[in-house]
Amino acid sequence: MSYPLSASIAYRYAKSSKANQTSFVSFINRFSVAGIALGLTALIIVVSVMNGLEGQLKQRILGIVPHIEITSEATNNTTSALATSPINDVIAVMPYRETEAVVQSKRDLRGVQVHGVHPDKMKQHTMVANNMEQGRFTDLEAGSFRVIIGRALAQKLDVRVGNRLRIMVAGASVYTPFGRMPSQRLVTVSGVFDMGSQMDDKVLYMNINDVNRLLRDTKGQGESVRLFLNDAFDYLTTVNTLQSELGIDIAHIKTWRERQGPLFDAVKMEKNMMMLMLLLIIAVAAFNIISALVMVVSEKQGDIAVLQTQGMMPKTVMWIFVLNGLFNGIKGAGIGLVLGCIITSQLNNVLALVNSPLALAADGSGLPIDMDIMQIVSITGISVLLCVLASIYPAFKAMKTQPSQVLQNE
C-alpha cells in the first residue's frame with residue numbers, strides 16, 4: 001500500500017459507507033460535510049458580492065473626492081518636490097481649489113462644492129472623465145466660466161447643456177451700499193457626468209483659474225495640490241512619505257478618509273460581520289464532525305484495541321482520526337469551493353432566471369462581483385482548519401483507549 005497506514009484507515013472511515021459504519025454515523029458524517037459545503041458556498045458568494053459593492057463605492061465616490069489634498073499653507077515647493085522626487089503610488093499631481101457655493105437656476109437653489117481643476121489632468125486621471133454623458137473636460141477653458149455638473153444635480157436644477165446658472169460664494173463677499181454681497185457669476189453648463197454616486201448632486205467642476213477669479217484671488221494664493229493615487233485605499237503609505245521625505249506637516253494633509261471614511265468603515269464592518277456569521281455556520285457544521293468521530297471511536301473500540309496489541313502506537317491511532325476529520329474537511333471544502341465559484345460567476349444569470357434581477361453596478365448590468373482568489377483560498381483553508389480542530393478531541397479520546405480493558409469486555 002502506497003499510503004501510510006493511518007491515512008489509509010482514516011480514508012476508509014471518511015468514506016462513511018454503510019459497510020464500514022452504522023447508517024446513523026454515516027448520516028452524521030454526510031450531514032457535516034454537506035454543512036461545510038453549503039456554508040463555504042454561501043460565504044464565497046456573499047464575500048464576492050460585498051467586494052464588488054465596495055469596489056463600486058470606491059470607483060463612484062473616490063473617483064470624485066480628492067484622494068489626498070495638500071493645503072495652500074504647504075504648497076510652496078510641493079509640486080516641484082514631487083516632480084523631482086516622485087512617490088510610487090502617486091500617478092499625477094494637479095493644482096486644485098475647492099470652495100462651497102450656492103448655485104441657482106430658474107427653478108431651484110442648491111448648495112454645492114465647486115472644484116477648481118486643471119482640465120487636462122482631470123481628463124487623464126479621473127473616473128469622472130470616463131463617465132461623461134455630455135461634453136468633456138477640455139471645454140473648461142480658462143476665462144470661459146463653463147462648468148460640468150452631475151446628472152442628479154442637473155435634474156434637480158432642471159438645466160441642460162448650454163443653460164446658464166448663477167454661482168454665489170459667500171467666502172469672497174464684498175461690502176456694497178446695499179450691504180454685504182457674495183461674489184457671484186453667471187456660468188454656462190458645458191457638460192454632464194453620471195457616476196451613480198451620492199456625490200453627483202453635490203459637486204460642480206470649473207477651471208481653476210475661473211474659480212480663483214470667482215474668489216477674488218487672481219494670483220491663486222489659496223490654491224492647494226491634489227494627488228491622484230494608484231490605489232486610494234493605500235493612502236497612508238503616501239501620507240507617511242509626504243511627512244518623512246518632504247517634511248509636510250500632517251495638519252496640512254487632507255485625505256478622502258476625512259469625508260468618506262465612515263461610509264467605507266460601515267461597509268467594511270458589514271462585510272466582516274457577514275463573514276463572521278457564515279464562518280460560525282461552517283464552524284457548527286465542522287463540529288458536527290465531533291459527533292460522528294466520537295461515535296466511530298465508540299464503535300471501533302475493539303478494532304483500536306486489536307491494532308494497539310499488534311504494535312500500533314497511540315500517536316498513530318490519534319492520527320487516524322485527525323486525518324479522518326481532515327478528509328471530511330477537504331471533501332466539504334472542495335464541494336463548497338466548486339459550487340461557490342460556479343454560482344458566484346453565474347449569479348446574475350441565476351437571478352435573471354428566477355426573475356429577480358438586481359442592477360447595482362455602475363452600468364446597470366447587475367450585481368457587481370469581485371472574486372478575490374487569495375480571499376477565497378484563505379476562507380477555504382480556514383474551513384479545513386476548523387474540521388481538523390474539531391477532530392482533535394475524538395482523536396485524543398481514541399489515543400487513550402486501554403486495550404486490556406476493551407478486550408476484557410469483548
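D158 sits in the loop between helix 5 (151–157) and strand 6 (164–176). Helices (H or I, at least four residues) and strands (E, at least two) are DSSP runs, numbered from the N terminus. The model is predicted: local features need pLDDT of at least 70, side-chain atom pairs count only at pLDDT 80 or more, and totals for chains, interfaces and linings use all residues. Residues are numbered from 1 along each chain as its sequence is written, and side-chain values use heavy atoms, with hydrogens and water left out.

**Loop residues**

D158 is not a glycine, yet its phi is positive, at about 60°. Buried means under 20% relative accessible area, exposed means over 50%, and partly exposed lies in between (1.4 Å probe, protein chains only). R216 also has a positive phi, near 60°, and is a residue other than glycine. R216 lies in the loop between helix 6 (208–214) and strand 9 (224–229).

**The whole chain**

The protein chain has 14 helices and 10 strands. It has 410 residues, and 47% of them count as buried. The chain exposes about 20800 Å², of which carbon and sulfur atoms supply 56%. Accessible areas come from the Shrake-Rupley method with a 1.4 Å probe; for residues, only the protein chains shown count as cover. Take the contacts between residues at least 6 apart in sequence: 79% of them join residues at least 24 apart. Contact means heavy atoms within 4.5 Å.

Two packed helices are described by the angle between their axes and the distance between the axes. Axes are lines fitted to C-alpha atoms, for helices over the stretch in contact, and angles run from 0 to 180 degrees between N-to-C directions.

| Helix pair | Angle | Axis distance |
|---|---|---|
| Helix 8 (residues 257–299) and helix 10 (residues 314–345) | roughly 140° | within 11 Å |
| Helix 8 and helix 13 (residues 392–399) | about 15° | 8 Å |

The axes of helix 8 and helix 10 cross at roughly 140°. That makes helix 8 oblique to helix 10. Angles under 35 degrees count as roughly parallel, over 145 as roughly antiparallel, 65 to 115 as roughly perpendicular and the rest as oblique. The contact of helix 8 with helix 10 has 5 nonpolar, 3 polar and no charged residues. Ala, Val, Leu, Ile, Met, Phe, Trp, Tyr, Cys and Pro count as nonpolar, Asp, Glu, Lys and Arg as charged, and the others, Gly among them, as polar. On the helix 8 side are I289, L293, V296 and V297; they meet F321, N324, G325 and N328 in helix 10.

Helix 8 and helix 13 pack at an angle of about 15°. That makes helix 8 roughly parallel to helix 13. Here I290, L293, V294, V297 and S298 in helix 8 meet Y393, P394, K397 and A398 in helix 13. By class, these residues divide into 7 nonpolar, 1 polar and 1 charged.

**Two more residues**

S190 lies in strand 7 (residues 179–193). S190 is buried, with a relative accessible area of 9%. Leaving aside neighbours within four places in sequence, its contacts include Q134, D139, R146 and V161.

Q243 belongs to helix 7 (residues 235–246). Q243 is partly exposed, at 33% relative accessible area. Which residues does Q243 touch, not counting those up to four places away in sequence? They are I248, I250 and I253. Q243 and I253 are 10 residues apart in sequence and 9.2 Å apart in space, C-alpha to C-alpha.
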